[in-house]
Structures are given as structure tokens and as C-alpha cells.
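Try each task before you read its solution.

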Amino acid sequence: FSLMASVLTTYAGAEISAYPWWLLVRFSSGVASAFCLVLITTQLIYVLAAAGTERLGNVHFAGVGVGIILCMGLLYLPGEVSDHWRRLGACTAVLMLLAWQLLGRGPWSDVQPAVAVDAPGGAGAGGLWRIVCGYGLFGYGYVVAATFVVAMAEQLPSGGFDAKSVWLIVGVTLVPSVYLWQWWANRYGLFAALRAAYLVECVGLLLAAVSQGYLLLSLACALLGGTFAAITALGISAARFAAPERIAHAVGAMTSAFALGQLLGPAVSGRLADYFGNFFWASFSAALVLVLAALLLPRQPA
């Protein structure tokens, strides 16, 4: 049902023009995608733990980058906005059928693993809520660039550069980032990798704040794409580490905090941009929020 709702709310973009209905459709789309994320990620943790292949748990987040690249390819095709939404709806329908076939074959698990992988001792309830709050701040910080990066590009002299191509850079750099940050986590520790990813994304936001040309903004987009899916993956792993006996609860809390940050980020930053006439203070304040997210992370137990 979540997959079907995601398809229908995507296609609805082609048919709905009234603003109140548009808000309802986007809200429903957010609920559907949140259900997909929580249900599939939690189930994946259970299945991989039972199979002893837990290190594959973050690989599926690379699909976000593949999805961005695919959607950007569709947006380069000619047509009106409604035509783009129809293509995107058709694309999600095809992907839903593929996912349905793969999920229908299993394997499935109804039993939570007794302990978290690579977790000799959890970070405790206090540690979990520090992780959750930091993840909510990340939702605020990352979504400022994710929401306004194309608008930032449109404010620059074009020089023959298509403004929406900056979002393609995000997708291209996202795909390998999940693997690279997982390698870092395996080598230097999960919490150290997550803290470093927060700070790297902070640098990307600062670059976006001061960029006066496409080169610097493209680098900012590369840092955004190179961190945000990896932070999602590492953040959920950190929550699983902190609450090995309540994995579904932890993933749900992380997703809710992230959604709240995504809600507040554009609302606050859009008003800052309107007031100052540019995105400098919106990006700078989002960078400070990411620093706070990094500081909130607890130390990983030995």
C-alpha cells in the first residue's frame, strides 16, 4: 500500500493545480515514503542480521542517487510541468512493479535480532535521543541546500550552464558515497564517521553560502550528494547501535525527527532568503545547525 500510494501521489502532480490539494498530495507522498523507508529498512536489518551479512545494510541507500539521476534524465525531456509529472508517475509505477516482484520473493523475518551488529554495548536511551535530535538537526541543515540549490544556481550568471544540472551532480556523487563512508565507519568507527560526515556537509553549505559561480556551487553540490544519503545510512546504524532491542522504534524515531527538520528548514530559510535577498544567511545558519548535530553525537562505547 505504501508503494502504491507513492506512485499515485507522484502521478497526481500532473493532475492537480489547486494549492490546498497540492499540499494534501505532498503530505500524503511524505507519509507513503516514510512508511516505505521505515518498513523496508527495519526488515532489511532483521534479514541481514539473520544471514550474517549486516555490512550490506547501508547499500540500499545508494538507490537514492540512482533515483535522482533517473528523474533528472526524465526532466531533460521536452514538455510542460504536467508532462514531467506524468513521466515521473509512470517511472515510479515501473519501479514499484520491480520492487514488488523482488520483495514478493523474500526472504522475510518476523523476529528482531537479539543484539545489534558490531555493538558490544549500546549507547543507552540517552545516547539514542542525542542521536535522534542530531538527526533531526541534520534534516534541517541538509534540506536547506536540497530545497534551494537550484534557486541558488538560477541567481548566478548562466554562462550556458543549465541551473537544474546542479541537482544531477548531487545524484552522481551520492551513489558511491554510501560505500565510501561505510568503509570509513568500518575503519575508524561508526560515530567518528557520522560526525565527520556532518562536518563535511557543513563545509558544503558554507561553500554554497559564498559561491559566486557554478564551479564553487558545483563543489558544494558534490559535498551535499557525497554526504546526505551516507548520513542517513550511518545515522540509522548509530540508532540501531544505541537501541539494539528496539530497532523498529529507533528507525521510526529517526525518521520522524528527520521529517520535522525537513519541515522547519525550508520554512525558516525561505524567510531568511526573502528578508536578505540571497541565500547566504540561510546556508550559513544551516551549516551551524549541522555543527550542533555533530556535537550532539555521543561517544561510541569501546
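**Exercise 1.** Which backbone oxygen does the side chain of T9 reach at 3.2 Å?

Solution. The side chain of T9 reaches the backbone oxygen of S6. A polar contact is a pair of N or O atoms within 3.5 Å; within protein, one must be able to donate a hydrogen and the other to accept it, and residues adjacent in sequence count only if both atoms are side-chain atoms.

Before going on, note the ground rules. This is a predicted model, where local features need pLDDT of at least 70, side-chain atom pairs count only at pLDDT 80 or more, and totals for chains, interfaces and linings use all residues. Residues are numbered from 1 along each chain as its sequence is written, and side-chain values use heavy atoms, with hydrogens and water left out.

**Exercise 2.** Describe the surroundings of T9.

Solution. Step one: find T9 in helix α1, residues 2–11. Helices are DSSP runs (H or I, at least four residues), and strands are runs of E (at least two), numbered from the N terminus.
Step two: look for another polar partner. The backbone oxygen of A5 lies 2.7 Å from a polar atom of the T9 side chain.
Step three: leave aside neighbours within four places in sequence. T9 then contacts V25, R26, S28 and S29. Contact means heavy atoms within 4.5 Å.
Step four: check burial. T9 has a relative accessible area of 10%, so T9 is buried. Buried means under 20% relative accessible area, exposed over 50%, partly exposed in between (1.4 Å probe, protein chains only).

**Exercise 3.** Is S218 buried or exposed?

Solution. Start in helix α8, residues 214–225, which holds S218. The relative accessible area of S218 is 14%, so S218 is buried. Not counting residues up to four places away in sequence, S218 touches F161 and I169.

**Exercise 4.** Why does W108 count as partly exposed?

Solution. First place W108: the loop between α4 (81–104) and α5 (124–154). W108 counts as partly exposed because its relative accessibility is 49%.

**Exercise 5.** How many helices and strands does the protein chain have?

Solution. The count is eleven helices and zero strands. Now take the overall size. The C-alpha atoms fill a box of roughly 55 × 40 × 35 Å, taken along the principal axes. Finally, turn to burial: buried residues make up 45% of the 302 residues in the protein chain.
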